[in-house]
Amino acid sequence: MNHQAGVAEHAEATTEWAHLDAESRQIASQAREHLARHLAPIVADCERDRRFPYELMGGLLELGFVRGVCAPADGGYGRTHLQNALLMEEAGRAWASLRTTMNILSLVAELLTAAGTAEQKASHLAPLLRGERRGWFAITEAEAGSDAAGLTTRAERLPDGSFRLTGEKRYITNAAQADFGIVMATTDPALGAKGITAFIVDHDRGGVTVTERRRLSVRGTTSCTVALDGAVVPKDLVLGQVGRGLATAMAAVNAGRVNVAAGAVGLGQACLEAVVAHTTARQQFGRTIAGFQLVQEMVVGIGLRTHTGRLLYQDAARALDTGRDARTACAMAKLYCTEAAVRSASDTIQLHGAVGLEEGTAPERYFRDAREATIPEGTSQMQILTIGRALLGVSAIR
Ligand SMILES: Cc1cc2nc3c(=O)[nH]c(=O)nc-3n(C[C@H](O)[C@H](O)[C@H](O)COP(=O)(O)OP(=O)(O)OC[C@H]3O[C@@H](n4cnc5c(N)ncnc54)[C@H](O)[C@@H]3O)c2cc1C
């Protein structure tokens with residue numbers, strides 16, 4: 001049995017995929033095999049070089065990444081949220097930079113498929129789904145993080161109906177590797193959230209300067225400052241209605257949270273596989289360390305958190321698929337799965353001892369990457385406040 005077939009068969013035989021329908025199992029197992037064959041051999045080099053292998057984009061789109069979230073009429077595969085989340089779990093198991101990159105491109109595709117005009121779908125969505133263009137998404141600013149509605153990037157309407165954008169966006173994922181973005185800006189700061197509109201901003205129209213900022217984690221992606229210095233957006237590139245930008249973005253936020261949660265479960269799964277391999281091979285005191293009870297406790301903790309997280313994100317995805325109110329389920333999944341991955345990655349280093357801290361090893365990467373996921377798509381604290389509001393009927397946010 002070769003290695004790729006082996007990992008897929010192992011997952012089929014364990015609880016990982018046992019409860020899925022045949023189509024979903026096939027989506028997950030195809031992704032696992034494809035990523036093991038094409039991505040796994042180059043992950044360490046890409047991580048070291050802080051590079052995303054965009055040459056693999058065609059195969060990733062074929063698997064259903066990005067295309068999965070769009071309707072067939074728009075060139076997508078029209079998959080369920082659960083099926084898309086299963087892909088995100090596989091991405092997270094392989095490399096957090098893959099999960100993050102696919103999540104951003106999926107978000108851009110989802111916004112265009114949901115709110116775009118036929119012309120916008122032809123000019124921006126179709127090439128995105130073919131892998132010819134790439135997009136980013138920007139709300140965050142220096143003074144507007146968790147409180148996204150406090151953004152100040154200004155959109156000034158010009159006499160011909162176009163808009164001139166002025167402001168600066170921060171921590172924008174992969175803007176340096178893309179050619180357009182969806183930018184939230186206010187047409188009237190006095191209107192608060194109701195003044196915020198979504199704009200499609202093409203780099204080649206000018207007025208856009210992208211600067212990369214290095215960070216600790218997820219090194220195959222970039223975190224960018226995007227300066228908008230009078231970038232002119234033609235009126236036919238307003239995405240959705242004027243004043244409805246935040247509502248449009250928030251409609252996609254639940255799916256984004258499920259994707260981050262699923263990716264964190266994938267990372268937990270990678271940790272589990274790494275600690276099983278290491279602790280059953282490593283000998284101390286004349287026996288494998290897997291035989292020590294304190295070691296087993298840590299390994300079992302990783303397995304339990306990973307399995308619990310999987311049930312939570314899949315329940316949240318099913319809530320989205322069946323039209324249930326999914327807000328609380330998505331917040332619970334995002335909170336639990338990302339915090340669980342931080343703990344599991346930390347224990348993975350502990351179980352490896354000194355070798356787990358060596359630069360370039362998988363445990364060292366899992367630890368850095370797990371730490372990141374508790375911040376974007378709403379910090380852990382914002383998820384707690386969302387759940388608290390649902391349980392108590394009282395908002396602690398404002
Ligand atoms: C890796 C990464 C990728 C990102 N990609 C993008 C992107 O592509 N596009 C984009 O627009 N943004 C992106 N962001 C920005 C992200 O959305 C923000 O970092 C996030 O919303 C938190 O904002 P902040 O960092 O300004 O933290 P702050 O909002 O300043 O929060 C700081 C701390 O205060 C806590 N806090 C804040 N308010 C409250 C409250 N009311 N109650 C309790 N605690 C509170 C927070 O939980 C946190 O612990 C990304 C961030 C990261 C880390």
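I began with residues 243-392, where the chain is 78% helix and 3% strand and the end C-alpha atoms lie 30 Å apart. The model I am reading is a predicted one, and I keep that in mind for each entry below. The span itself comes from an unreviewed UniProt entry, which annotates residues 243-392 as "domain: Acyl-CoA dehydrogenase/oxidase C-terminal".

**Entry on the other two annotated spans.** I looked up the remaining domain records next, and the unreviewed UniProt entry gives "domain: Acyl-CoA oxidase/dehydrogenase middle" for residues 137-229. In the model this span is 0% helix and 47% strand, with its end C-alpha atoms 17 Å apart. For residues 22-132 the UniProt record, again unreviewed, has "domain: Acyl-CoA dehydrogenase/oxidase N-terminal", and here I find 69% helix, 0% strand and end C-alpha atoms separated by 32 Å.

**Entry on α12.** Which residues of α12 are buried? I checked the helix, which runs over residues 362-372, and noted that eight of its eleven residues are buried, so that it is mostly covered. The buried ones are Pro-363, Glu-364, Arg-365, Tyr-366, Arg-368, Asp-369, Ala-370 and Glu-372. I then asked what covers them, and the cover includes α4 (43-49), α6 (81-94) and α7 (96-115), together with α9 (245-281) and α11 (327-352).

**Entry on the ligand.** I counted the shell and found that 18 residues surround the ligand, the closest being Ile-139, Thr-140, Ser-146, Thr-379 and Gln-381. By class, this shell divides into ten nonpolar, six polar and two charged residues. At Tyr-171 the backbone is involved, with an N or O atom 2.9 Å from a nitrogen atom of the ligand. Thr-379 places a polar side-chain atom 2.7 Å from an oxygen atom of the ligand. I also looked up the areas: the ligand taken alone exposes 970 Å², of which the protein buries 65%. The elements that give two or more residues to the shell are β1 (135-138), β3 (163-173) and α13 (380-392).

**Entry on Glu-377.** I stayed with the loop between α12 and α13, where Glu-377 has its place. Its phi is near 60°, a positive value in a residue other than glycine. Glu-377 counts as partly exposed because its relative accessibility is 23%, and the cut-off for buried is under 20%.

**Entry on Phe-285.** I noted a positive phi here too, about 55°, although Phe-285 is not a glycine. Phe-285 sits in the loop between β9 (283-284) and β10 (287-288). Is Phe-285 buried or exposed? With a relative accessible area of 79%, Phe-285 is exposed.

**Entry on His-278.** I found this residue in helix α9, and at 19% relative accessibility it counts as buried, since the cut-off is under 20%. Leaving out residues up to four places away in sequence, I list its contacts as Ile-289, Leu-351, His-352 and Val-355.

**Entry on Ala-155.** I located Ala-155 in strand β2 (residues 154-157), where its relative accessibility of 2% makes it buried. Which residues does Ala-155 contact, leaving aside its neighbours within four places in sequence? I read off Phe-163, Arg-164, Leu-165, Ala-185, Thr-186, Thr-187 and Phe-199. I also took a distance to Leu-39, which is 116 residues from Ala-155 in sequence, and the two C-alpha atoms are 41 Å apart in space.

**Entry on Gly-131.** Between Gly-131 and Val-66, which are 65 residues apart along the chain, the C-alpha atoms are separated by 9.6 Å.

Conventions: Residues are numbered from 1 along each chain as its sequence is written. This is a predicted model: local features need pLDDT of at least 70, side-chain atom pairs count only at pLDDT 80 or more; totals for chains, interfaces and linings use all residues. Side-chain values use heavy atoms; hydrogens and water are left out. UniProt positions are given in the numbering used here, feature names are shortened, and annotations may be inferred rather than shown by experiment. Helices (H or I, at least four residues) and strands (E, at least two) are DSSP runs, numbered from the N terminus. Buried means under 20% relative accessible area, exposed over 50%, partly exposed in between (1.4 Å probe, protein chains only). Contact means heavy atoms within 4.5 Å. A residue is near a molecule or strand if one of its heavy atoms lies within 4 Å of it. A polar contact is a pair of N or O atoms within 3.5 Å; within protein, one must be able to donate a hydrogen and the other to accept it, and residues adjacent in sequence count only if both atoms are side-chain atoms. Accessible areas come from the Shrake-Rupley method with a 1.4 Å probe; for residues, only the protein chains shown count as cover. Ala, Val, Leu, Ile, Met, Phe, Trp, Tyr, Cys and Pro count as nonpolar, Asp, Glu, Lys and Arg as charged, and the others, Gly among them, as polar.
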